[in-house]
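I opened my notebook to look up a few things in this structure, one topic at a time. Come along and check each entry against the picture.

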Amino acid sequence: MVFDDEYFMREALRQARLAYDAGEIPVGAVVVWGDKIIARGHNQVEQLNDATAHAEMIALTAAFNALGAKYLPEARLYVTLEPCLMCCGAMYWSKIGAIIYGASDEKNGYHKTTEGNWPFHPKTTLTNGVLAEEGAQLMRDFFAARR
């Protein structure tokens, strides 16, 4: 089995589908250490009545707990949608080694507010566009079903 970015993004997409099925905006995330998923999360804003319960926040908290550490310099975070500025702040403070995201988010993604400034830890690497169409289609389906 090949454990590449697409493999782990598919796992994040599974989390996004859990959010979708629960009536949450379908965003999913996984945190990977080596070739092992150590944490998973999906949006739970409605369920928890908490505006900060984004997939990334939940996955990061689970990763901190799994490792008993407050920093994740050797971990990778896979998320189906471009992170918002709040989540970028959490990623910055986590010192996460890599962020890999799928679809862009023109409305609420970090690009909207950072004006080209790097919102992540200086040593963090960033990859975007991994299985972007799958994540974007899940978002389109979710909002189309609610209109």
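**Entry 1: exposure and aromatic pairs**

I began with the terms: a residue is buried when its relative accessible area is under 20%, exposed when it is over 50%, and partly exposed in between. The model I am reading is a predicted one.

With that in hand, I looked up tryptophan 93, and its relative accessibility is 62%, so I wrote it down as exposed. Its partner in an aromatic pair is tyrosine 92. Tyrosine 92 has a relative accessible area of 32%, so I noted it as partly exposed.

I reminded myself that a pair of aromatic rings is described by the distance of the centres and the angle of the planes. How many aromatic pairs does a search of the whole structure find? I got 10. One of them joins phenylalanine 3 and tyrosine 7, also edge-to-face, at 4.9 Å between centres and 85 degrees between planes. Phenylalanine 3 is partly exposed at 35%, and tyrosine 7 is partly exposed at 25%. I also found that Phe3, Tyr7, Phe8 and Tyr78 make up one aromatic cluster.

**Entry 2: the nonpolar cores**

Next I went to the inside. Which residues have the most contacts within the largest nonpolar core? They are Val31, Leu77, Met91 and Ile96, in a core of 26 residues. At least two core residues come from each of β1, β2, α3, β3, α4, β4 and α6.

Setting aside residues up to four places away in sequence, I listed its contacts, among them Val31, Met91, Ile96 and Ile100. A second, separate core has 12 residues, including Ala12, Val30, Ala98 and Leu131.

**Entry 3: threonine 80**

Is threonine 80 buried or exposed? Its relative accessible area is 3%, and because the limit for buried is under 20%, I marked it as buried. Threonine 80 belongs to strand β3. Beyond its neighbours within four places in sequence, it is in contact with residues including Met9, Leu13, Pro26, Gly102 and Gly135.

**Entry 4: arginine 14**

I found arginine 14 in helix α1, which covers residues 5-21. It is partly exposed, at 46% relative accessible area. From arginine 14 to proline 73 I counted 59 residues in sequence and 25 Å in space, C-alpha to C-alpha.

**Entry 5: the largest pocket**

The largest pocket has a volume of about 620 Å³. Its lining is made of 23 residues, and Ile25, Leu81, Asp105, Asn108 and Met139 lie nearest the centre. Two or more lining residues come from α2 and from α6, and α6 gives the most, with 4 residues.

**Entry 6: positive phi angles**

My last search was on backbone angles. Most residues other than glycine have a negative phi. Asparagine 49 has a positive phi, near 55 degrees. It lies in the loop between α2 and α3 and is exposed, at 73% relative accessibility.

Where is glutamate 115 found? I located it in the loop between α5 and β5. Glutamate 115 has a positive phi of about 45 degrees, and its 72% relative accessibility counts as exposed.

Technical notes: Residues numbered from 1 in each chain as written. Predicted model: local features only at pLDDT ≥ 70, side-chain atom pairs only at ≥ 80, totals over all residues. Heavy atoms only, no water. Phe/Tyr/Trp six-rings, centres within 6.5 Å; stacked < 30°, edge-to-face > 60°. Buried < 20%, exposed > 50% of the residue type's maximum accessible area, 1.4 Å probe, protein only. Core = buried A, V, L, I, M, F, W, Y, C linked by side-chain atoms within 4.5 Å. Contact = heavy atoms within 4.5 Å. 1 Å grid on protein atoms, 1.4 Å probe; cavity = no way out; pocket = protein on both sides within 12 Å on 5 of 7 lines; lining within 4 Å. Points joined across faces, edges and corners; volume = space filled by probe spheres on them.
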